[in-house]
Amino acid sequence: MLPLATAAQMKELDHRAMEERGIPSLYLMEHAARAVADAVWDLLHPEEDGFSPIGHSFSTAVIMHKKDGPPPTDEEERQAEELREIIESKNTDPALRIAVFCGPGNNGGDGIAAARLLRERDGITVRVFFVGDRAGMTPDGKAMEDRLIAAGGRLEDFSVDMTSRETLEATMDWEQQKILAWLSTCDCMVDALFGVGLSRPVDGVFRTAVLQMQNRHACPVVACDIPSGVNADTGEILGEAVRAEVTVTFTRGKPGLYTGTGAERAGEVRIADIGIPHELESEMFRTLPRLEVMHQPDSQLPRRPRSAHKGDFGKLFLLAGSEGYTGAPVLAARAALRTGAGLVYLGVPRDIYPIVAVQCGEAMPFPLPGDYAAILERAQGCDAALIGPGLGRAPETEQLVLSLLENLTIPVVLDADGINALAGHIDVLDRRRGITVLTPHEGEFARLTGAALPIRDRLSAAREFSRAHHCILVLKGAGTITAAPDGSACINTSGNPGMAKGGSGDVLAGMITALLGQKHLRGPRDNTAELTGLAVCLHGLAGDACARRLGEYAMLPSDLLDTLPEILRQWSEDAE
């Protein structure tokens with residue numbers, strides 16, 4: 001897992017590095033700029049296949065010909081020809097063209113410095129554009145401009161406002177038209193408009209610059225720290241946002257690069273060391289709740305004890321299924337068995353028992369007795385329970401769920417209608433004496449909490465709920481978040497849109513329950529959050545393997561079950 005930091009935490013860390021350790025801010029900026037310049041160079045000079053120049057087509061948006069009225073004057077024709085020459089010169093100029101957009105803050109200073117470093121490399125033409133009010137430039141940004149000028153470069157003003165076509169026609173002068181024409185020939189652009197502190201929608205000339213970088217010219221973008229327009233903490237798009245091919249983020253990853261819509265805009269994320277002492281970083285974050293991103297498991301599943309028997313690998317109680325929802329209990333039970341559970345008791349309503357029984361060869365389905373005491377006794381004799389997949393929302397079913405939550409002391413994974421049963425009864429969760437894991441998607445979370453959809457800050461919502469109700473919360477979606485009561489959280493990056501099909505969540509719920517029930521996986525301390533996050537990651541890796549083999553359109557939740565053996569074998573100490 002890789003550690004993350006919020007915008008406020010990074011601001012504090014930078015401040016402490018400069019104030020407590022005496023590290024010059026320009027030293028940090030030079031290191032950041034070099035990482036950005038290296039990313040641009042790597043992008044344009046891939047190790048395999050070589051660089052293939054991008055084809056460009058002339059955009060009529062660049063030259064503002066009038067549709068009505070008199071024909072163009074000689075001067076207008078001359079200008080149009082000059083613009084065409086700018087674009088056509090790309091066909092004869094072998095140099096790679098790079099545009100760097102810089103804002104007035106220190107993120108802009110990073111971009112100015114990166115442009116200077118890129119100018120030193122052979123075969124590159126770099127133009128650097130300043131966006132915004134020069135009066136607002138930071139001292140470090142001005143210092144980097146001085147270094148750029150000393151190296152023979154210059155910082156050009158970019159003042160095109162494309163808020164509306166009327167604004168564009170009224171304000172764009174001849175020099176601005178030539179800039180837009182040149183931008184249409186670029187091989188790469190660098191986004192250094194905003195840093196991680198952006199919290200308001202992008203507008204005016206900044207919006208125009210963002211639109212120029214939105215791959216409008218099929219041109220890859222390298223973003224400094226965070227794609228401009230993305231909230232670094234939430235991943236929310238603030239009006240418009242850059243879609244980067246590569247994001248070079250500094251010191252630590254930012255949550256917005258891995259969750260929410262921001263994850264779609266970040267592209268490949270590189271974390272660059274910019275010279276902040278590691279001991280200072282460790283000292284600051286040691287007392288803070290862990291915030292991490294998981295791409296793959298940190299370690300392999302331990303070898304199973306040679307002397308163990310099936311009871312050691314978990315006796316699970318599953319309460320699932322209802323009329324019309326007979327697939328959910330089968331998927332959950334099979335997932336639990338595939339993930340190593342020793343015994344799976346699957347309680348289903350009597351009217352669907354024959355259907356479920358036919359599909360369960362290894363699990364042990366049984367019709368739910370009418371006596372609550374008998375259900376409780378069977379559940380309490382197990383190591384972990386899963387309640388909810390396909391259960392339905394009949395009043396008597398919801399009362400059964402609430403009663404079990406009140407009386408069970410074993411770990412309970414609550415999924416789907418098990419979560420819905422808690423709506424209006426959150427006090428039952430708060431009174432629980434055992435471990436509880438909730439696995440809602442955003443709609444279920446909204447019904448449970450009354451939150452508005454879409455949830456703008458998924459990370460904070462998950463952490464606050466987990467802390468307030470002392471449970472593990474798995475907020476499913478792109479960048480699934482696993483939050484623990486101590487405030488720690490993990491964002492998962494495995495998985496793909498092909499998993500967005502009914503039944504995938506049932507598989508995940510079964511996997512989580514299976515890991516929680518296996519005695520050799522439970523440590524001396526409570527590691528429920530770690531095992532839950534591991535199940536989320538393995539579930540996503542299985543989905544990625546399915547997508548590679550079958551494609552995202554065709555893959556099914558049942559394919560996840562068939563793929564789990566190869567994933568678990570890969571991440572097990574039993575693998576040869």
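The largest share of the lining of the second largest pocket in this predicted model, seven residues, comes from helix H1. Helices (H or I, at least four residues) and strands (E, at least two) are DSSP runs, numbered from the N terminus. A pocket is an open set of points on a 1 Å grid over the protein atoms alone, where a 1.4 Å probe fits, with protein on both sides within 12 Å along at least five of seven lines; lining residues have an atom within 4 Å of a point. The volume of the second largest pocket is about 720 Å³, a volume being the space filled by probe spheres set on the points, which are joined across faces, edges and corners. Its lining comprises 26 residues, of which Asp14, Asn106, Asn107, Val196 and Asp225 lie nearest the centre. Two or more residues are contributed by each of helix H1 (7-19), helix H2 (25-44) and helix H4 (106-119). By residue class, the lining of the second largest pocket divides into 13 nonpolar, seven polar and six charged; Ala, Val, Leu, Ile, Met, Phe, Trp, Tyr, Cys and Pro count as nonpolar, Asp, Glu, Lys and Arg as charged, and the others, Gly among them, as polar.

Residues are numbered from 1 along each chain as its sequence is written. In this predicted model, local features need pLDDT of at least 70 and side-chain atom pairs count only at pLDDT 80 or more, whereas totals for chains, interfaces and linings use all residues; side-chain values use heavy atoms, with hydrogens and water left out.

The largest pocket has a volume of about 1,200 Å³. Lys476, Gly477, Ala478, Thr480 and Met499 lie nearest its centre, among 42 lining residues. The elements that give two or more residues to this lining are helix H9 (262-266), strand S8 (268-272), helix H19 (504-517) and helix H20 (528-550). Of these, H19 gives the most, with four residues. The lining of the largest pocket contains 16 nonpolar, 19 polar and seven charged residues.

Of the contacts (heavy atoms within 4.5 Å) with a separation of 6 or more, 72% are accounted for by residues 24 or more positions apart.

Helix H4 is largely enclosed by the rest of the structure, because 12 of its 14 residues are buried. Among the buried residues of H4 are Asn107, Asp110 and Arg116. The end C-alpha atoms of H4 are 20 Å apart, which agrees with the 20 Å that its 14 residues should span at 1.5 Å a residue; the expected span is 1.5 Å times one less than the number of residues.

Helix H11 (residues 327-338) has 12 residues and reaches 16 Å from its first C-alpha to its last, close to the expected 16 Å. Its buried residues are Ala328, Pro329, Val330, Leu331, Ala332, Ala333, Ala335 and Ala336. The buried residues of H11 pack against strand S10 (315-319), strand S11 (343-348), helix H12 (353-359), strand S13 (384-387), H19 and helix H21 (557-570). Just after H11, Gly340 takes a positive phi of about 110°.

Seven aromatic pairs are found in the whole structure. Rings of Phe, Tyr and Trp (its six-membered ring) pair if their centres lie within 6.5 Å; planes under 30 degrees apart count as stacked, over 60 as edge-to-face and the rest as tilted. Phe317 and Phe366 form a tilted pair, at 6.4 Å centre to centre and 40° between the planes. This pair links distant parts of the chain, with Phe317 in strand S10 and Phe366 in strand S12 (residues 364-367), 49 residues apart. Both Phe317 and Phe366 are buried. Elsewhere, ring pairs link Phe101, Phe129, Phe158 and Trp182 into a cluster.

Several backbone features fall in loops. Asp225, found in the loop between strand S6 (221-224) and strand S7 (246-250), has a positive phi near 75° and is buried, with a relative accessible area of 10%. Thr251 lies in the loop between S7 and H9; its phi is likewise positive, near 75°, and at 14% relative accessibility Thr251 counts as buried. The peptide bond from Leu453 to Pro454 is cis, with omega near -5°, and Pro454 lies in the loop between helix H17 (442-449) and helix H18 (458-469).

Definitions and conventions: Buried < 20%, exposed > 50% of the residue type's maximum accessible area, 1.4 Å probe, protein only.
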